[in-house]
Amino acid sequence: MRPIELNLEGFTSFRQEIKINFTDLDLFAITGATGAGKSSLLDAMTYALYGTTTRTGKQISDFVSQGANNLKVQLHFSVANNQYRITRRCRLRTGTPENKVLLETWQNNNWENLGTSITAVQKTLEEIIGMDFDTFTRVIVLPQGKFDEFLKGDTAKRREILRQLAGFEIFERMRKQAGEMTKLFKQEREMVERQLMEIDAPAPLEIEEKSTQLAAYQQQLPTLNQAVVTAQKTLDEEENLLTQLSRLIQLKKDLENLNANNSEIAVLQARLEKLIAANNLQADWALVREARSSFETAETGVKNATISLNIARANLNTEQQQLEKVRKENEVLAPQLKAREEALAGAKIYEEQRAQYGKEVINAEKTLREKSRQLESAQTELTTAENKVKVAHRQVSEATASLEQYKAGGERLKSLEKIAPLLIQLQEIDSQVKNEQNQLIKANKDKEAGAQNYQQLQLKLRDLEASLQQAREALEAGEKANAEAAKLNHAAALRVQLQAGDLCPVCGGIHPENERLPELPASSVLDLVPVRAQLNTAQKAFQNCQIETTKAESTLEALKSLSQQLSQNLTATQQRLNAVQLEINTILGEENWLPLTLKQELQSLQTSDKAYRDTQQQLEKASTQLQVAQQALQYSQETLAKIQTEYQQSLAELEHRQQQLKSCEAKLFEITNNQPYQTLLQTLQQDKQKLATQLKEAENAYQSAHNQAILMEERAKQATGNLEQATAKIQQLEAGWQAKLTSVNFTEETFIFAVEDIKKQAEWERLIQQHREAKIKLETKITDLTETIGEEKAKQTSLAELNQRIQQHKTAKRNAEEQVQQTQKQIAEITAFLQIAQQKQQQTERLIEQQTSLQEREETYHTLAQNLKSNEFQAYILEHLEDELVKRATILLEELTEQRYALKTQEGEYWVQDNWNGGELRRVRTLSGGETFATSLSMALALSEKLAQGSQLGSLFLDEGFGTLDAETLESVTQILESLRQQSRLIGVITHIRPLAERLPAQIKVNKTPQGSHIKIEVQ
C-alpha cells in the first residue's frame, strides 16, 4: 500500500481541511512539536483504511476535533498498479454517531463505486491490502526504539519485546482461556455425573413384566368393546320402540282433537259460499258507483261554470270602461309633454358646458390639495433634517469624548487570546488528572478488596473440599457395610434351606452330622439416604464456591489490569499537562503565572479593547450620520422652495376655473327658471313613461278580460253536455243493478254487508284447507306407524314394561363400559410407565455420552493450557522466529551498508561483523549510533516482512527513537535512509531531530495553533 493523497478535516487536532500529496515524496521527515499532530497523520491513514486506530480504538468521539461535530478522512492510495480511494465520514449526534464510508477504484479515467456498507468495505479493503488491522499497524509503522532495546537486552528481555512486537500476547490469552474452558468442562462433567446418580431407571425384568401385562390387556380390549357395542345396539332398539309407541298414542289424541272442530269449519264453509256470491257482483257494483260519482261531478261542474261565466262578463264590462277613460286622458296630456320637451332642448348646451367646467374645478382642487400636502410634508422633512443635524453633532461630540477614556489591547491581548484555548485545555487536563487519580485510588482499594475476597474464597473452597471428601468416604463406608450385610443375610437364607448331610456353600462344612456350622452374626442394612443427601449438599456447596472463586479470580485479574491501565493513563495525562504548560510559557515568555490571573487579565483587556473599538465605530458612524443629515437638510430646503411656487400656481388656476363655472350656471338657471336641468329632464321622461304605461296596462287588462269571457262560455257549454251524458248512463245502470241483486236474493244493504267480509275470505279458505290437510296427514301417519310397529305388538306392548326393559339394558351397557375403561386405564398406566422407563434409559445413555464427551474436551483443553505455557510452546515459537529474523536481518543489513556489516549471534548475544575490517566482530552494545541504527532497522524490516506474509509493502514509517545524533551518526543514518529509499518504497521518518530532518529530501512540518493544526511541505 502506497499513499498518494491524504485529505482530512475535523480529525483530532486538524480542525480545518488539509491535504497532503505524496506523489513527489519518497523519503521525507514528519516534524513538529509534541502534541502538534504528527502521529495523527498516521492515525488518519489507519482510520481511513480500518475505521480505528491503535491509540483510541473505535471510540468515534475521540477522533472528532474538540468543539466539532463532523469528521472527514479521505485516502487515495495504490496497490499493485491499481488505484483506490477510501472516504470515511462521521457526524456526532445524540445516541450513536452516524458513520458513512465510500470505497472507489480508478477505472477508465473515472472513479467507480466498490461499496458503501461498512462491513463489506472493510472485508474488501483487507483483501486489497492483504493485511488485517493488527498486521498493518505492526508492519507499516516500525518502532525503531524498540528494536534498539531488543538488540541490547538479555535473552528474557529480548523474548518479551519480540512477544509484544509480533503480537504473541494472543498465546497467553489462549492459555488463560483454555484453563477457563477446562474448569468449565470439569464443572459440566461433574454436574452430568450428579444427574446420572439422581436418575432412577427401572430394572429390565420389571419392564418385561409390564410389557407382558400390556399385551394381555390389549388382547382383552376388543372383546370388551364388542360387548359394549352389542349392549348399545339392544338399548337403541328398545328406546326406538318406546319412541314409536309414544308417538302413535300422541297422534291418535291429535286426531280426536281435530275432529272436535268439524262444526266450526262447517259454519265457515257456509259464510264462505255467501262471500263468493257477493264477490261475483263486484264488477257491476263498481260500474254503478262510478256512474253515480260521474253524475254528481257533472252537476257540480254545471253550477261552477255558470258562476264563472257571469263573473267574466262583469269583469269585461269594467275593463272596457277603464280603457276608454285612459285614452281620453292621453289625448289631453300629450301636447303638454311635447311643449316641455322643446323647452329643454335649448338648455342642454349650457348643461354640457357646466358639467365640463365642474370637472375642471374638481381637478384643480385635487391638484391644490396635493400641493398643499406636499408643502406640509416638505416643511416636516425640513424640521426633521434640522433635528437630525443637531443630534448628529451631539453624537460626534459624545463619541469623541468617550474615545479618550479607553485604550486598545495591543500585543499583550494577542498573546493572551493565543493561550486562551490552551488555558481551557490546561483546566480540562488538570481536571482529568484529578479524576484519574481518584479512579486509581478507588481501583487500588477495589483490587485490595478483591484480593482479600479471593483469599477468603480459597480458604472456604479448601474447607468445602475437605467436607466433600469426608461425605464421600462416609458414603463409601456405608455402601461397603451394606454389601457385607447383604452377603451375611444371603448366607443365612442359604443355611435355612440346607438338609442333613448337605455341604454348606458358605463355610464348606457338612450340616449337621460331621461338625457344627459356625454361627452367623446378626446384620442389618444401613439407611444411606441421609448420607447421599449430605454428599449432594456438600457437592453443591463445593461447586457454588468453586464458581464464586473463579469469578473472584477473574475479577481480581480485571482489577489489576484496570489499576495498571489507570496508572499509565495518569502518567500520560500528566505529561500532556506539562506539555501544555510549557507551550504557554513559550508564548508568554514567562513561567510564573496563574491561570485565574491570566483569565482575569484577558477579560479586562478584552473588555477595554472592545469598548475602545466600539467607541471608535460609534464615532465613525456618528460622523457619517452628520454628513448624511447635512446633505438631507440642504435637499429639504430646496424642495420646500420649489413646492411653495407650485402651490401658488395651483391656487390661481383653481380661482380661474371656479369663475368660468359660475358664469355658465347663471345662464343655465336663467333658461330653467332656477331649476336643475337634469331634474327637469328626468321629470319629463318619467311623465312620458307613466302615460304610456297606463295606456298599455289598460289595453292588456281589457284583452285579458275578453279572452277570459270567451273561455268561460266554452266551459259552460261543455259542463252542460257532460251532465246530459251522466244522466243517461246512470238511468241505464241503476235498472240492471237492481235486477242482478234480486236474482241472487240480495238487497243493496245486504250486499254491502257481505262485501265487507271479503278481506276474511283468504283466512277462511286457509283455515278450512289446514283442517282438511291436518286430518289427512294424521290419518296417514297413524297408518304408517301402526304398520312399522306391527298391529299386534302395538296392542300388546305397554310403556311401563318397555321402560323397565330399557333400564336393564342401560345397566348392562354401563357395566361393559366400566370394564373397557378399567382396561384402558391399565393400558395407559403401563404405557406411561414404559415410556418413562424408555426416556430414563435414553437419558442415561445420553448423559453417559455427554459425560464421555465432556471428559475428552476437558482433557483436551487441559493439555492445550499446559502446552501454551510461556516456558514451553511460546518459547519454542519465539526461538524459531528470532532465528528467522536474524537470517533475514543479516541480508537486509548487508544491502543497507553495501555489504559492510552482517549480523551474527554467539552464546545468546548479538554481534556485528565488519567485512571492511577483515571480518572483525563487535558486540551490538559497543556499536556506534549509526551502526546501531542500521542493525535495529534491519531487524525492524525483517519483522515487518515476516508479519506481512508476502503482502507488498509500498510504504514504511519509522519512529527513529533517538534523543540526539552526533555528526558521524547523523551522516550514517542519512546514508542508510537513502539506501532504503532506493527500494521503491515511500519512507516517512517521525523525528524530533532537526539536523536529520533537514538532511532528508522533504519535510512535512506540523504546526499547532489555537485554530487547529496545520501542515507545510518543504522540498529541497
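These legends go with close-up views of a predicted model.

**View 1. Helix H1 spans residues 38–50.**
Helix H1 has 13 residues and reaches 19 Å from its first C-alpha to its last, close to the expected 18 Å. Because 12 of the 13 residues are buried, H1 is largely enclosed by the rest of the structure. Among the buried residues you can look for Leu41, Leu42, Met45 and Tyr47. Just after H1 comes Gly51, with a positive phi of about 75 degrees.

**View 2. Glu858 and Arg189 meet in a salt bridge.**
Their side chains come to 2.7 Å, N to O. Glu858 belongs to helix H18 (residues 799–867) and Arg189 to helix H7 (residues 169–198), so this pair ties together parts that are 669 residues apart in sequence. Are these two partners buried or exposed? Glu858 is buried, at 13% relative accessible area, and Arg189 is buried too, at 14%.

**View 3. Arg313 forms a salt bridge with Glu713.**
The closest N and O atoms are 3.5 Å apart. This pair links distant parts of the chain, with Arg313 in helix H10 (residues 282–403) and Glu713 in helix H14 (residues 677–743). Arg313 is partly exposed, with a relative accessible area of 45%, and Glu713 is partly exposed at 32%.

**View 4. Glu126, Glu127, Asp132 and Asp134 form a negative surface patch.**
Where does Asp132 sit? Look in the loop between helix H3 (118–129) and helix H4 (133–139). Asp132 has 36% relative accessibility, so this residue counts as partly exposed.

Notes. Residues are numbered from 1 along each chain as its sequence is written. This is a predicted model: local features need pLDDT of at least 70, side-chain atom pairs count only at pLDDT 80 or more; totals for chains, interfaces and linings use all residues. Side-chain values use heavy atoms; hydrogens and water are left out. Patches are made of residues with over 30% relative accessible area and no salt bridge: like charges are joined within 9 Å, nonpolar side chains (Val, Leu, Ile, Met, Phe, Trp, Tyr) within 5 Å. Accessible areas come from the Shrake-Rupley method with a 1.4 Å probe; for residues, only the protein chains shown count as cover. A salt bridge is a side-chain nitrogen of Lys or Arg within 4 Å of a carboxyl oxygen of Asp or Glu. Lys and Arg count as positive and Asp and Glu as negative; His and the chain ends are not counted. The place of a charge is taken as NZ of Lys, CZ of Arg, CG of Asp or CD of Glu. Helices (H or I, at least four residues) and strands (E, at least two) are DSSP runs, numbered from the N terminus. Buried means under 20% relative accessible area, exposed over 50%, partly exposed in between (1.4 Å probe, protein chains only). The expected span of a helix is 1.5 Å times one less than its number of residues.
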